Amino acid sequence: MATTASNALLGLFRDPDAVAQALDALRAAGFAGHTLKVLSDAPYPEGAFGEEPERHRLYVFPFIGALCGFSVGLLLTVGTQLAYPIVTGGKPIISIPPMLHVMYEGTMLGALLFTVLGIIFESRLPDLGPVPYDPRISEGYLGVLVTQAEGRVAEAERALREAGAIDIITRDRAHAKR
Amino acid sequence: MARHHPTAPITAEEATHDLLRRLGQVRAGTGGVVLVLAVLAVAGLVALVALIASGPEPRAKWGYAAATLGFLVSAAQGAPIVAFATRLAKGFWGIPLRRAAELFAVSGIVTTPLYIVLLFQLPDWRGRPSVWFDWPGAPLLWDSIAIVMFSLAGLALLYLSSRPDFAAARDAGIRGPFQRLALGWIGTVRQWQVLSGGIVVLGGLYLMFYPYMHMFLAVDLGMSLVPGWKSAVFAPYHGVSGLQASLASTLLAAAALRHFGGLQRYIGLAPFWGAAKILLALSLLFFYFTWSEFMPTWYGRTPEEIFVLELLFFGPYLWLFILSFSLNFILPFLLLIWNPIRVSIKGPTFVAALVLIGNFIDRLRIYVASWSVAGPVGQHLEHAPPTHYPGLPDLLILVGGPAAVVLLYLLALRFIPPISLWEFKNGLLLTRERPYVKTEVAVVAKPR
Amino acid sequence: MQERRDLPPPKVNDDLLRFSLRTPLWFWFAAAGLGLVVAIGVYNFGLMVTYGLQVLGLTYPVYWAVLITNFVFWVGISHAGVMISAILRLTQAEWRRPVTRAAEVLTVFALATAALFPLIHTGRPWRAIYWVFPYDFARGIWPDVRSALIWDPSAIFTYLTGSSMFVYVALLPDLAVARDRSTGWRRRLYGLLALGFHGTARQWRLQTIAGILLSALILPVFVSVHSIVSFDFAMAIVPGWHSTVFAPYFVIGAVHSGVSAVATLMAVLRRIFRLEDYITPDHFDALGRLLVVVSTTWLFFFLMDFYFGIYSREPAELAMWELRVFTWPYNLLFAIFLLTGYIIPVPFWLFRRCRRNVAVMFWTSLLVNVGMWLERYILIVPPLSYKHMFPFTWMTVYEPRPAEYLLVIASFALVSLGILLFSKIFPIIPLFDIKEGQVLKQEVQIGRVKVPAVIRE
């Protein structure tokens with residue numbers, strides 16, 4: 001189910017231990033692990049809050065990009081040499097050593113481009129929709145985002161407050177702030 | 001994620017007791033290995049003496065002896081730099097590898113006399129393109145001084161870094177010459193400061209001298225013998241491929257110590273994983289230096305350059321070049337880019353074996369080819385002579401040289417602990433596992 | 001890192017976003033001044049296009065001189081970014097944190113400036129389009145891939161694109177902070193650029209992987225770029241150029257000048273943005289130690305080039321080196337380059353007191369780049385101007401004209417202006433990197449001493 005503002009809420013915390021407690025409480029209350037997200041202004045050690053490990057397929061992108069770039073480089077170099085078969089410097093018409101430079105750069109360019117696309121895609125960006133968020137996250141606060149709380153908002157809110165949340169943000173408040 | 005200390009927790013006292021009790025002991029099965037190595041080493045020595053007795057001509061017959069020397073200097077005498085580099089970078093993952101690397105300094109006992117013997121077999125030097133420019137005594141005197149100094153420096157580094165462990169053996173009452181070797185070490189603050197400073201200075205000098213040592217070897221026993229061969233990148237290429245082979249030797253030694261020496265608690269995943277990344281980088285550098293040599297030579301197309309390409313790359317030693325390129329670059333690259341292979345013990349060990357064989361083949365290619373055309377100054381050759389295949393003396397030297405180094409390595413292990421005990425204990429002091437909220441993290445201290 | 005300060009996130013945000021969100025008066029003067037110098041450079045270029053290459057000092061056989069020296073120099077400076085950012089990221093060096101973005105931005109602007117010079121050098125840059133973009137429309141012939149000059153655009157374009165994307169990806173978290181701290185059109189702009197980055201665990205995980213993966217991908221590109229630039233010279237059978245060591249020699253020279261440029265830049269940024277809490281003497285100490293290793297390696301490759309240049313005792317090579325080392329005015333430039341590139345700065349860097357002194361690091365790193373510019377000049381001009389076989393090619397000493405000097409000065413102004421404008425809009429020190437350093441900060445008690453430590457993942 002997609003995250004929409006109406007079924008999501010964000011709890012704001014000061015302390016990493018409180019965040020871990022909140023996640024435990026929410027899971028105990030029946031919320032699925034993959035619907036809970038921790039927001040922070042800096043990366044924390046993996047698994048620090050007991051969150052579910054994130055799976056991704058980023059490593060596929062550089063390989064596909066490299067393959068595409070290699071093909072373009074090969075086409076360009078072989079194609080241009082065959083199109084105008086001029087002997088220069090005694091070198092063969094299809095001169096492989098010089099071709100390798102352009103093919104290599106094409107391969108790396110393809111790998112880089114696709115890797116960046118992959119990073120943006122796997123980060124689930126762009127994410128410009130209305131999701132509960134608070135600028136205090138950027139000031140060092142930690143957030144626990146419950147993405148699918150439809151019909152159970154009160155339950156989620158109770159679990160967050162009991163864990164020590166200093167504020168709860170829902171869609172309406174998030175919009176009001178903007 | 002790999003941690004920066006042994007796989008199973010171990011205390012400093014346990015490590016001290018465990019590592020020191022191995023000194024002076026002969027593990028079951030090693031007696032047979034030592035005997036075989038000794039026989040091979042002696043056979044190699046006999047073959048070398050026979051070669052000397054038969055005179056310097058034809059020069060081509062010295063190619064395999066020169067290749068053995070090139071291989072040993074590359075794969076063994078560069079290993080102390082592996083130890084020094086991890087110390088300089090304060091990489092705790094490298095602690096289990098340092099002693100295994102430094103022990104290869106004993107190879108200087110084999111390479112020094114072999115180098116000097118080969119210097120006497122060189123053809124006329126006056127007027128020859130050389131790094132010495134007809135300097136008096138060159139190359140015999142200066143190359144001899146260089147290899148002697150280089151070997152002594154390596155042995156000095158080995159001794160210096162082992163001294164605290166000799167003292168520990170002395171204090172534990174282990175039988176052996178440890179009282180004399182410790183030279184009064186009692187572990188005062190000043191002694192530690194002098195030791196640390198000395199290792200840095202000596203290691204730094206060893207590192208700085210290393211590329212020049214490779215230049216003398218590669219150019220005087222290789223490039224200068226080939227008419228028309230002038231390549232500024234060849235000496236750095238020889239040095240970098242030497243470092244690659246040295247790291248491979250260190251990894252193989254560490255794997256052997258772990259498996260046959262029962263050192264699994266000391267040599268875990270982290271050293272292999274850390275070294276695998278560097279091995280990948282060095283394999284890429286191997287390609288880079290090969291390409292730097294090849295590209296201007298191929299592009300220039302002067303008669304001399306065409307001759308060099310034929311002799312060293314595409315002519316009688318084509319298969320050696322293909323094998324060397326595959327084992328030093330293609331296979332290591334294709335294997336080590338995969339996480340499951342890189343983050344393991346068997347993966348980097350297997351790749352290290354490939355690299356070591358590749359380096360051996362590469363030295364065969366360079367030196368056998370060079371000595372096959374070694375002749376008077378100013379000679380001009382149209383085409384490369386046919387492949388010079390090894391005879392029985394060549395095979396005995398090729399096997400005997402490395403056997404002698406391994407023999408000396410095993411003998412040294414009777415007196416020097418295979419893991420640097422004082423650095424291992426230092427690593428235990430500076431690394432911790434701590435809980436962090438709901439996970440456990442490795443904490444690494446970085447003192448000044 | 002011994003000088004670790006406690007830097008809570010609000011302070012980090014205040015300090016590092018101050019310049020982006022508020023505009024001090026001096027910015028306008030600096031931008032105007034640099035802009036004026038750039039404008040003079042553009043005017044100068046206009047004169048070149050109008051009157052032709054005769055306004056330069058170039059003449060047969062010296063067809064490559066100051067402009068190509070500048071091209072190679074700026075490509076060299078651009079190697080700073082990957083060296084500092086990528087290699088230190090891969091080795092998990094903690095001291096990289098405040099330095100990475102400045103180095104990456106220096107890379108982007110240096111490389112973009114460098115790419116202008118071959119185009120300027122053509123005199124009629126619109127005709128170079130066929131050479132830069134491989135289309136068969138200008139003369140009915142495709143660019144010849146066998147030429148080293150065709151490998152250059154492919155390498156530079158790849159490196160420039162890769163570096164720019166590297167900067168952008170690493171900028172995403174900081175754009176989110178800037179969005180949260182701003183209002184009005186700034187908020188909308190940062191919000192759009194941040195792509196909705198909210199700092200979820202997934203997004204941070206991918207940021208970490210992105211840093212490592214992009215570093216690993218861009219490292220081989222970084223090595224290839226200056227190698228390919230060196231091949232512009234090494235492929236030619238010109239005494240003094242046709243050397244197999246040019247590729248690694250150029251690359252290590254680029255790293256030398258690039259890292260020195262980063263040291264210069266860090267000293268300037270620390271001063272003008274009052275970043276004493278973030279750029280500490282520890283960072284200059286680490287840069288200095290790196291520079292000792294890099295510069296000594298560079299010296300080794302220089303000696304290889306020199307040694308093996310005269311190794312074969314070919315008359316042409318000997319004559320060329322004699323011109324470089326003993327003949328006026330190149331002998332003076334050669335001496336200055338050796339002194340400023342190695343002999344003066346390195347002894348300073350051997351001492352911890354000097355390495356930790358920001359002023360010493362600033363002046364020595366500046367000296368290095370004076371030397372490295374001269375090194376490129378000595379590499380390029382003497383091999384072209386020495387007395388070749390035929391007397392009709394002999395010429396008096398090549399003398400650069402004012403037009404060339406102006407273009408060189410304008411290039412420095414262009415790079416400085418680019419970095420100034422970038423740091424006006426985006427934070428020049430990565431906020432999240434500093435904050436991550438604070439998260440990973442630990443201490444280990446050994447006896448009575450608390451030793452600084454760091455969490456390693």
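**Briefing: helix geometry, confidence and chain contacts**

Helix α11 of chain B (residues 269-300) comprises 32 residues and spans 47 Å from its first C-alpha to its last, close to the 46 Å expected at 1.5 Å a residue.

**Confidence in chain A**
- Chain A has a mean pLDDT of 89, with 92% of its residues at 70 or more.
- Among the elements of chain A, the highest mean pLDDT, 96, belongs to helix α3 (residues 96-122), and the lowest, 52, to helix α5 (residues 171-177).
- Where pLDDT is low, the predicted coordinates should not be read in detail.

**Contact between chains A and C**
- Chain A contributes 52 residues to this contact and chain C contributes 53 residues.
- On the side of chain A that touches chain C, β2 (36-39), α2 (60-83) and α3 of chain A each provide at least two residues.
- The largest share of that side, 15 residues, is supplied by α3(A).
- By class, the residues of chain A on that side are 28 nonpolar, 13 polar and 11 charged.

**Contact between chains C and B**
- Here 32 residues of chain C meet 34 residues of chain B.
- Elements of chain C that each supply at least two residues to the side touching chain B include α9 (201-234), α10 (246-272) and β2 (449-456).
- That side of chain C consists of 22 nonpolar, 6 polar and 4 charged residues.
- Strand β2 of chain B (residues 439-445) runs antiparallel to β2(C), and 4 bridges join the two.
- B:Ala442 has C:Arg456 as its bridge partner in β2(C).

Key:
Residues numbered from 1 in each chain as written. Chains lettered and ligands numbered in written order. Predicted model: local features only at pLDDT ≥ 70, side-chain atom pairs only at ≥ 80, totals over all residues. pLDDT = per-residue confidence, 0-100. Expected span 1.5 Å × (residues − 1). Contact = placed C-beta atoms within 7 Å. Nonpolar A, V, L, I, M, F, W, Y, C, P; charged D, E, K, R; others polar. Pairing = 2+ DSSP bridges.
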